[in-house]
Amino acid sequence: MENKFYPKYIKCSNCSNKLGLEFIDKKCPNPDCNFDFKDLKKLLYSEDYSLRGMLLEAQKQDDKERYMLIETAIRFNIYDYFVHFVECNWGAHYNTLFRD
């Protein structure tokens, strides 16, 4: 499954502003927000299981900014997750994907 699709924008988890990919390592330009996407570039092309683990860890540590960065990366990759879910023909794995 090398059918990679990536959107041409990211959405700020803090203010829901749609931003071009040039903001991957900058702050949100919304003056009321200024959310910093500094570490997002490293997360965007991560595997879904590693992102899921990082998300749970950020939630456990109550690190809201890190949680929102990971959430943005997951949204960026959601197409690939859906394709994997639909094309998966291994029952146990399919059920795990559905549950998670």
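**Figure 1. The salt bridge between lysine 42 and aspartate 39**. The predicted model holds 1 salt bridge, a term for a side-chain nitrogen of Lys or Arg within 4 Å of a carboxyl oxygen of Asp or Glu. Lysine 42 pairs with aspartate 39, and their closest N and O atoms lie 3.7 Å apart. Lysine 42 is exposed, at 64% relative accessibility. Aspartate 39 is partly exposed, with a relative accessible area of 28%. Here buried means under 20% relative accessible area, exposed means over 50%, and partly exposed falls in between (1.4 Å probe, protein chains only). Because this is a predicted model, local features need pLDDT of at least 70 and side-chain atom pairs count only at pLDDT 80 or more, while totals for chains, interfaces and linings use all residues. Residues are numbered from 1 along each chain as its sequence is written, and side-chain values use heavy atoms, with hydrogens and water left out.

**Figure 2. The protein chain as a whole**. The chain has 5 helices and 2 strands. Helices (H or I, at least four residues) and strands (E, at least two) are DSSP runs, numbered from the N terminus. From the N terminus on, the order is β-β-α-α-α-α-α. The C-alpha atoms fill a box of roughly 50 × 30 × 20 Å along the principal axes. Of the 100 residues, 31% count as buried. Contact means heavy atoms within 4.5 Å. Among contacts between residues at least 6 apart in sequence, 42% join residues at least 24 apart.

**Figure 3. Serine 46 in the loop between helix 1 and helix 2**. The side chain of serine 46 reaches the backbone oxygen of lysine 42 at 3.3 Å. Leaving aside neighbours within four places in sequence, serine 46 is in contact with Leu51, Met54, Asn77 and Tyr81.

**Figure 4. Leucine 51 in helix 2**. Leucine 51 is buried, with a relative accessible area of 0%. Not counting residues up to four places away in sequence, leucine 51 touches Leu43, Ser46, Ile70, Ala73, Ile74, Asn77 and Tyr81. Tryptophan 90 is 39 residues from leucine 51 along the chain, and their C-alpha atoms are separated by 22 Å.

**Figure 5. Helix 3 and what covers it**. Helix 3 spans residues 64-76, 13 residues in total. From first C-alpha to last, helix 3 reaches 18 Å, close to the 18 Å expected at 1.5 Å a residue. That expected span is 1.5 Å times one less than the number of residues. The buried residues of helix 3 are Met68, Leu69, Ile70, Thr72, Ala73 and Phe76. Their cover includes strand 1 (9-11), helix 1 (40-44), helix 2 (48-60) and helix 4 (78-87).

**Figure 6. The largest nonpolar core**. A nonpolar core is a set of buried Ala, Val, Leu, Ile, Met, Phe, Trp, Tyr and Cys residues joined through side-chain atoms within 4.5 Å. The largest one has 21 residues. Those with the most contacts inside it are Cys12, Leu19, Cys28, Phe35, Phe37 and Leu40. Helix 1, helix 2 and helix 3 each supply at least two residues of this core. Helix 3 gives the largest share, 5 residues. In soluble globular proteins, nonpolar side chains tend to be buried together. Phenylalanine 35 touches Cys12, Asn14, Lys26, Lys27, Cys28, Glu65, Met68 and Leu69, not counting residues up to four places away in sequence.

**Figure 7. Serine 13 against threonine 72**. Serine 13 sits in the loop between strand 1 and strand 2 (18-20). Serine 13 counts as buried because its relative accessibility is 17%. The side chains of serine 13 and threonine 72 make a polar contact at 2.9 Å. A polar contact is a pair of N or O atoms within 3.5 Å; within protein, one must be able to donate a hydrogen and the other to accept it, and residues adjacent in sequence count only if both atoms are side-chain atoms. Not counting residues up to four places away in sequence, serine 13 touches Met68, Glu71, Thr72 and Arg75.

**Figure 8. The two faces of helix 4**. The buried residues of helix 4 are Asp80, Tyr81 and Val83. Seen down the helix axis, they fall within an arc of 165°, so they line one face. The arc is taken from the directions from the helix axis to the C-beta atoms. Helix 2 and helix 3 are among the elements that cover these buried residues. The face turned away from the buried side carries the exposed residues Phe82 and Val86.
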